[in-house]
Amino acid sequence: MNRAQVWLLTAFVTCFLAVGIPYWLIPYRLVSLPDSLTGPGLFAVGLAAFLLAVGAVTPAWTIVLVPAVSVPASVFVRVVADGLSDPTSHSLWPLEGMIAAGVGLFYAFIGALAGRMSVKIVRWRRPT
């Protein structure tokens, strides 16, 4: 594994757990997307994208997609777990996945954009 792959894997796992653990602990009857996803987990998604962008470890699309994909992955784990105990739950799981993907992409894009902009500002302001 090279350096970029380690950073991307670390970002994915960190975001997956940061979004997933609080979301998985919410009782099923209280889950309402996207509201149930908001909180520190989505901040972690933006922060991970920001740090990956500042480090410029991979192309921009990878920097956005890896943290973003952790959000629907967390939702999908809940869909599978709840579906095993009650097959009638999550009948709209494709919609849940699309909502989670949109939220994840939004926060990751904002984080990556802020990271790239901060690098450009620092380079622009640096005296030569």
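Start by selecting V57, which sits in the loop between helix 2 and helix 3; helices here are DSSP runs of H or I with at least four residues, numbered from the N terminus. You are looking at a predicted model, where local features need pLDDT of at least 70 and side-chain atom pairs count only at pLDDT 80 or more, while totals for chains, interfaces and linings use all residues. Residues are numbered from 1 along each chain as its sequence is written, and side-chain values use heavy atoms, leaving out hydrogens and water.

Is V57 buried or exposed? V57 is buried, with a relative accessible area of 17% (buried means under 20%, exposed over 50%, and partly exposed in between, using a 1.4 Å probe and protein chains only). Leaving aside neighbours within four places in sequence, V57 is in contact (heavy atoms within 4.5 Å) with R3, A4, W7 and L52.

Next, visit the largest nonpolar core, which has 26 residues. Such a core is a set of buried Ala, Val, Leu, Ile, Met, Phe, Trp, Tyr and Cys residues joined through side-chain atoms within 4.5 Å. Helix 1, helix 2 (40-55), helix 3 (60-85) and helix 4 (93-125) each give two or more residues to this core, and helix 3 gives the most, with seven. Select L37, V71 and V75, the residues with the most contacts inside this core. Which residues does V71 touch, beyond its neighbours within four places in sequence? V71 is in contact with V19, L37, L42, V45, A100 and G104.

Now for the aromatic rings: the whole structure has four aromatic pairs. Rings of Phe, Tyr and Trp (its six-membered ring) pair if their centres lie within 6.5 Å; planes under 30 degrees apart count as stacked, over 60 as edge-to-face and the rest as tilted. Select F12 and F16, a stacked pair at 5.9 Å centre to centre with 15 degrees between the planes. These two are about one helical turn apart, because they lie four residues from each other in helix 1. F12 is partly exposed at 25% relative accessible area, whereas F16 counts as buried at 17%. For a contrasting view, pick F106 and Y107, an edge-to-face pair at 5.4 Å centre to centre with 90 degrees between the planes.
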